[in-house]
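Trainee: Before we discuss any terms, could you show me the sequence and the structure?

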Amino acid sequence: MRSDVIVENLDEIAKQNKIVVRDLMKVYQRGAKEVIALRGLDFEVGRGEFLSIIGPSGSGKSTLLKLLGALDKPTAGSILFDGHSVTILDDKRSMLYRRQKVGFVWQTGNLVPGLTALKNVMLPMRLAGKKRGEADGRARLLLSSLGLEARMNHRPHQLSGGENQRVAICVALANNPELLLADEITGELDTETTELVMQSLRRINQEFGTTVVNVTHNPRVAAHADRVLRIRDGLIEGQRHTLYGDITEVDAKGRMVLPEAVRKLANIGKRVVLKVTSEGLLVVPLDTSAGSEGRLTEEAEETGTQ
């Protein structure tokens, strides 16, 4: 093995984080065509961290959330939860993982229309085998913590959009999950209601220590988190690795996404020259301003990054 190649200690990284994602890929087959939703993601989520993942529609963020919640299986790569692999679970163990470890909040369809807010929150606990009195007590506690004391006996159609989403958060927390996954939960809400819902999600994260992964296209929603990752075309843009600092992704076609801050610092435009040196890979901006694309200026040499 080459001495200059950094080898990860995944056991050590897993001890430091709630979730560790490595080389995660998801490819969908659409007839004869392959659609690559995720192109080899690497990131971590700390215990009790509130992480937002922001990206445009079709960037792969909802696919990622389903994989984290074991609602789907990746084409390649791994997801570790408390050091244990989620990706190798069979259907039964995936169901137990979701029931015992994970809570979900979706943009719509979170609640049973014919049940009151109180009974909606009680339902997952009753399905998990909790006694009625215990389920009732926890449901009231959760609803009260999000300011819904006076709305417990109202059905979804009698509640506002923001109230419904706060009830949905309570439903997701009913069985005291360690991880809460939220998918565009404010997508159909106005600005004021969005702020109330996100404050509620933040309060749950802080008071209960629940790890939260929230995906959104809205920068203002993402800003409520401790940390924000940006995803585009199935790749996470420039990030800092837990142990090794700034890293970037190389997808299956060899394309590399450089962090915006690095591009600005090194004055990198649309084209670069790659040089393999004894120190590693040198990325040098290609200066085309003088009309000779093949010539590198001295300034470009000085701003090359390794």
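This is a predicted model: local features need pLDDT of at least 70, side-chain atom pairs count only at pLDDT 80 or more; totals for chains, interfaces and linings use all residues.

Mentor: Residues are numbered from 1 along each chain as its sequence is written, and side-chain values use heavy atoms, with hydrogens and water left out.

Trainee: What makes α6 roughly parallel to α7?

Mentor: Helix α6 (residues 161–172) packs with helix α7 (residues 191–208) at an angle of about 15 degrees, and their axes are 9 Å apart. Angles under 35 degrees count as roughly parallel, and therefore α6 is described as roughly parallel to α7.

Trainee: Which residues of α6 and α7 make the contact?

Mentor: With contact taken as heavy atoms within 4.5 Å, α6 contributes Gly-162, Gln-165, Arg-166 and Ile-169, and α7 contributes Thr-193, Val-197, Ser-200, Leu-201 and Ile-204. By class, four nonpolar, four polar and one charged residues form this contact of α6 with α7.

Trainee: Why is Asp-23 called partly exposed?

Mentor: Its relative accessible area is 48%, and partly exposed is the range between buried (under 20%) and exposed (over 50%), with a 1.4 Å probe and protein chains only; Asp-23 is therefore partly exposed. Asp-23 lies in strand β1 (residues 19–30), and its phi is near 50 degrees, a positive value in a residue other than glycine.

Trainee: What share of the 306 residues in the protein chain is buried?

Mentor: Buried residues account for 44% of the 306 residues in the protein chain.

Definitions and conventions: Axes are lines fitted to C-alpha atoms, for helices over the stretch in contact, and angles run from 0 to 180 degrees between N-to-C directions. Helices (H or I, at least four residues) and strands (E, at least two) are DSSP runs, numbered from the N terminus. Angles under 35 degrees count as roughly parallel, over 145 as roughly antiparallel, 65 to 115 as roughly perpendicular and the rest as oblique. Ala, Val, Leu, Ile, Met, Phe, Trp, Tyr, Cys and Pro count as nonpolar, Asp, Glu, Lys and Arg as charged, and the others, Gly among them, as polar.
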